[in-house]
Amino acid sequence: MPLGVSPREQLTIARILKVNHAGEHGAIQIYSAQIAIARYLYPEIVPTLHSMLGHEIEHRAVFAAAMPSRHARPCRIMSLWAMGGSLLGFATALMGRDAIWTTTAAVEAAVHRHLDDQLHFLSKRDLGLHNAIADIREEELSHLRTAEGNISREHPVLNVLRPTIFAVTDALIWLSTWGDSTRMAHDLDTNKRLV
């Protein structure tokens, strides 16, 4: 654990790792389920989904490796992240290519916002974890851009799907951090207003 970090900040760092590890696990389940369906229905998008899946597997490994030295443990609701990810992946893959890309865009938009909050929090508390998350954030941002670039049409169901997935992802992040995600977002907003 970095020196000069209060016990409360240490707990927040552990929760950041816990939720990021769980989120990557959920993303792996989403992509795996989507690939299982897309392999038969939309084989042309499978290489891109495989590439994104590979990134998520690497990200989960980075967070798992950072956990022991920061006294973090895997999330107690990992099974919820896994089950939810699998169900979301299968359901959206059956809805079509645009639903797959809408799902990726919604999840990545929620994740990107939280990673920004985490980077702000970690910048003066844990430079090693900050740098690891900054690198991961760039890959997650490329997933968001790829997804948004592949959504080919507006559809009423997709217009409901994106904010719903965003809200559920946000709620799982809040639940997995015991509200620390809200405090980090508030601190970031306060600092932005002061600058």
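Buried residues (under 20% relative accessible area, with exposed meaning over 50% and partly exposed in between, for a 1.4 Å probe and protein chains only) make up 48% of the 195 residues in the protein chain. The model is predicted, so that local features require pLDDT of at least 70 and side-chain atom pairs pLDDT 80 or more, whereas totals for chains, interfaces and linings use all residues. Residues are numbered from 1 along each chain as its sequence is written, and side-chain values use heavy atoms, with hydrogens and water left out.

The secondary structure of the chain comprises seven helices and zero strands, where helices (H or I, at least four residues) and strands (E, at least two) are DSSP runs numbered from the N terminus. Along the sequence the pattern is accordingly α-α-α-α-α-α-α. In the loop between α2 and α3, His-71 adopts a positive phi of about 55° although it is not a glycine. Most residues other than glycine have a negative phi. His-71 is exposed, with a relative accessible area of 61%.

A pocket is an open set of points with protein on both sides within 12 Å along at least five of seven lines, a cavity is a set where a 1.4 Å probe fits but cannot get out, and lining residues have an atom within 4 Å of a point. Grid points are joined across faces, edges and corners, and a volume is the space filled by probe spheres set on the points. The largest pocket has a volume of about 460 Å³. Of the 27 residues lining the largest pocket, Ile-30, Trp-81, Val-107, Thr-169 and Leu-172 are the closest to its centre. Two or more lining residues come from each of α1 (7–41), α2 (46–66), α3, α4 (97–122) and α6, and α1 provides the largest share, seven residues. By residue class, the lining of the largest pocket consists of 14 nonpolar, nine polar and four charged residues; here Ala, Val, Leu, Ile, Met, Phe, Trp, Tyr, Cys and Pro count as nonpolar, Asp, Glu, Lys and Arg as charged, and the others, Gly among them, as polar.

The structure also holds one cavity of 30 Å³ or more. The largest cavity has a volume of about 60 Å³ and is lined by Ala-27, Ile-30, Tyr-31, Thr-103, Thr-104, Val-107 and Glu-108. Helices α1 and α4 each supply at least two residues of this lining, the largest share, four residues, coming from α4. Four of the residues lining the largest cavity are nonpolar, two are polar and one is charged.

Six salt bridges are present in the structure, each defined as a side-chain nitrogen of Lys or Arg within 4 Å of a carboxyl oxygen of Asp or Glu. One of these joins the side chains of Arg-125 and Glu-9 (2.7 Å, N to O). This pair links distant parts of the chain, with Arg-125 in the loop between α4 and α5 (127–150) and Glu-9 in helix α1, 116 residues apart. Arg-125 counts as partly exposed at 25% relative accessibility. A further salt bridge connects Arg-97 with Glu-44, their closest N and O atoms being 2.4 Å apart. Because Arg-97 lies in helix α4 and Glu-44 in the loop between α1 and α2, the pair ties together parts that are 53 residues apart in sequence. Arg-97 is partly exposed, with a relative accessible area of 37%, and Glu-44 is likewise partly exposed, at 47%.

Between Arg-137 and Asp-116, the closest N and O atoms of the salt bridge are 2.7 Å apart. Arg-137 lies in helix α5 and Asp-116 in helix α4, so this pair ties together parts that are 21 residues apart in sequence. Asp-116 counts as partly exposed at 29% relative accessibility. Asp-116, Arg-137 and Glu-138 are linked in a network of salt bridges.

On the surface, Leu-80, Met-83, Leu-87, Trp-174 and Leu-175 form a nonpolar patch with about 510 Å² of accessible area together. Patches are made of residues with over 30% relative accessible area and no salt bridge, like charges being joined within 9 Å and nonpolar side chains (Val, Leu, Ile, Met, Phe, Trp, Tyr) within 5 Å. Accessible areas come from the Shrake-Rupley method with a 1.4 Å probe, and for residues only the protein chains shown count as cover. Helices α3 (78–95) and α6 (156–177) each supply at least two residues of the patch, and α3 gives the most, three residues. Leu-175, in helix α6, counts as partly exposed at 42% relative accessibility.
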